[in-house]
Amino acid sequence: MRIRISKQNDEVIERIKSIYEFNSEGVVPRLAFAYSVQTNKHFDVNVDVVPSSDGRDFRDDRGLFGTIVENRTNYPIYKAILDKHYNQSLYEEDFSKLFKLHLDHGLSEIDKKLSKTDFTSGGHIALLMKLVKNGLDLQSNTVSIASGVQQQTAVKEYLEPLSFILGTTEENKEVEIKINDLTEFDNRNIAIAGMAGSGKTQLIKDVLYQISANTENQLKYIFFDYKGEGNASQLKLFLDKTNCEFIDILNDGFNFNPLSSINISEGERQKTFSIKAFVDTIGTFVPQMGTSQKHILQSVITNLIEEKGDTYPNMTELSEALEEYYEATKTKPDTLLAAIKDLSSGLFSDDISENIIEKSIYLNLPPTLSDTLRQLCVFLLLRYFNFFFSSANDSEPKENIMPLRYVIVIDEAHIYLKNKNARKALEDLLRLLRSKGVIVVMLSQGVEDYKTKDFDFASQVKLPICLNIQNKDPKMIKAFVGTPRSEHKLINEINRLDSGLGLINLDEPKTIKIRQFWKTMESK
């Protein structure tokens with residue numbers, strides 16, 4: 001492979017080479033090519049003007065592409081990169097043209113950045129390290145939801161014993177749940193299974209009412225209403241009794257910045273890690289979002305934060321920066337750009353986020369929003385909770401009482417449990433928050449929703465409650481509520497299930513009349 005570059009490119013290469021004192025002729029062209037491809041720049045050889053061939057002639061392509069094995073050229077590697085970049089097997093002539101176009105683009109961009117750099121402060125070295133780091137970041141695309149935060153955050157705690165009444169037995173005996181008593185519950189996660197009309201929403205409202213009343217509204221909560229069928233007037237009594245703010249994310253907007261889950265205060269490593277985690281959250285729900293799009297989003301967010309002096313950009317600024325990037329690189333609009341635009345269309349405030357942990361919130365997600373957007377909104381908030389609480393010390397029990405910090409209620413959990421990546425995020429969340437004094441409540445339509453091929457969510461739940469459900473398979477219910485002392489007793493109790501009744505297995509299978517908020521208020 002013989003490539004002759006333009007005289008103009010040759011001059012830029014010499015200028016950059018002298019700045020960094022590189023010995024090899026091929027280092028700068030490789031950096032420039034790699035930088036151009038990293039930005040996801042695409043060219044059309046039938047439209048874009050290919051740089052002239054009046055400069056240096058690389059007769060031996062080993063000087064241009066370098067060597068790794070047995071002094072053989074790396075040309076096949078560069079060929080494979082461009083084949084992948086353009087999703088086709090390129091002919092040698094087209095490869096040569098595209099290589100020169102990317103070389104010209106990369107050199108131009110690096111040269112512009114160097115012209116604005118303060119060499120005396122080592123800005124040119126920082127630029128070189130950034131180019132290398134961006135390339136290394138492409139090697140890993142697997143990101144945990146965990147943030148790896150080192151700095152500790154102070155969190156308010158409710159230190160007293162907390163209990164609530166779940167319902168009454170046949171003998172009219174109250175079933176009391178001492179939720180933070182470690183002699184009874186070694187974790188505080190709750191799962192409720194019940195089909196429409198079973199009373200699960202009224203039950204969790206009553207539980208939240210009791211928690212609020214018994215802690216004098218000190219223990220705050222967030223309720224994710226995925227169905228989005230509520231409104232502030234219909235829920236007024238519940239909202240007033242729990243001192244809760246109703247937010248319809250479509251009509252009201254939410255004074256919260258999803259990008260605030262990025263850790264920008266613990267150094268470059270932590271910042272990079274949490275940017276990846278944010279991007280991974282977006283990629284979990286945006287259709288057809290591949291590795292290339294993830295890298296684009298990661299690069300845009302990284303550059304935006306640097307431009308703002310390590311302060312948080314908002315979703316509008318991210319949308320504008322991403323759109324500018326697509327226009328500059330002539331990238332066709334895709335699902336990523338559409339999703340970021342939707343997220344910046346008033347769902348979240350552009351103002352500084354308030355501390356959402358310090359108040360109770362009922363977040364209404366109306367069905368006029370797409371499933372993708374509703375799920376994204378929920379998981380961007382869950383990611384923030386993960387970031388926030390992972391930066392706090394574990395709750396320290398005193399006399400077998402676990403201090404409590406927050407309650408998270410996820411309605412229609414089966415929506416997320418169907419998504420493999422979302423399941424993994426929920427699993428991470430449950431494992432992390434059990435030691436942080438956070439109660440996680442999941443509501444779903446059937447017991448089978450909680451057991452998947454890769455994880456048994458019931459295993460992370462200490463208080464499973466089975467209401468009236470469609471599929472009353474004893475094996476499935478037993479896996480959900482736990483193995484009973486008597487299988488016969490369990491089957492008898494399953495057969496009794498009906499609207500307003502629930503099956504628990506604290507010491508033995510037992511059907512109880514569950515509490516319902518509207519009835520509790522009626523009796524007051």
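**A walk through the predicted chain**

Apart from its neighbours within four places in sequence, Thr-452 is in contact with Leu-417, Arg-423 and Phe-457, where contact means heavy atoms within 4.5 Å. Thr-452 sits in the loop between strand E10 (438-444) and strand E11 (463-466); helices (H or I, at least four residues) and strands (E, at least two) are DSSP runs, numbered from the N terminus. With a relative accessible area of 17%, Thr-452 is buried. The term buried stands for under 20% relative accessible area, exposed for over 50%, and partly exposed for what lies in between (1.4 Å probe, protein chains only).

The model is predicted: local features need pLDDT of at least 70 and side-chain atom pairs count only at pLDDT 80 or more, whereas totals for chains, interfaces and linings use all residues. Residues are numbered from 1 along each chain as its sequence is written, and side-chain values use heavy atoms, with hydrogens and water left out.

Consider next the chain as a whole. Its secondary structure comes to 18 helices and 13 strands, and its C-alpha atoms fill a box of roughly 95 × 45 × 45 Å along the principal axes. Of the 524 residues, 55% count as buried. Among the contacts with a separation of 6 or more, 73% are made by residues 24 or more positions apart. The accessible surface of the protein chain is about 24100 Å², and carbon and sulfur atoms hold 47% of that surface; accessible areas come from the Shrake-Rupley method with a 1.4 Å probe, and for residues only the protein chains shown count as cover.

Charged side chains number 64 positive and 74 negative, and the centres of the two sets lie 3 Å apart. In this count Lys and Arg are positive and Asp and Glu negative, while His and the chain ends are not counted; each charge is placed at NZ of Lys, CZ of Arg, CG of Asp or CD of Glu.

The structure holds 29 salt bridges, each defined as a side-chain nitrogen of Lys or Arg within 4 Å of a carboxyl oxygen of Asp or Glu. One of them joins Asp-48 to Lys-330, with the closest N and O atoms 3.5 Å apart. Asp-48 belongs to the loop between helix H2 (27-38) and strand E2 (57-58), and Lys-330 to the loop between helix H11 (315-328) and helix H12 (335-343), so the pair ties together parts that are 282 residues apart in sequence. Asp-48 is buried at 19% relative accessibility, whereas Lys-330 is exposed at 56%.

Glu-493 and Arg-496 lie 3 residues apart in helix H17, about one turn of the helix. Glu-493 is buried at 7% relative accessibility, Lys-489 is partly exposed at 29%, and Arg-496 is partly exposed at 32%. Elsewhere, salt bridges that share partners join Asp-10, Glu-14, Lys-17, Glu-25 and Arg-56 into one network.

The surface also carries a nonpolar patch formed by Ile-68, Ile-77 and Ile-81, with about 280 Å² of accessible area together. Patches are made of residues with over 30% relative accessible area and no salt bridge, like charges being joined within 9 Å and nonpolar side chains (Val, Leu, Ile, Met, Phe, Trp, Tyr) within 5 Å. Ile-81 lies in helix H4 (residues 75-86) and counts as partly exposed at 34% relative accessibility.
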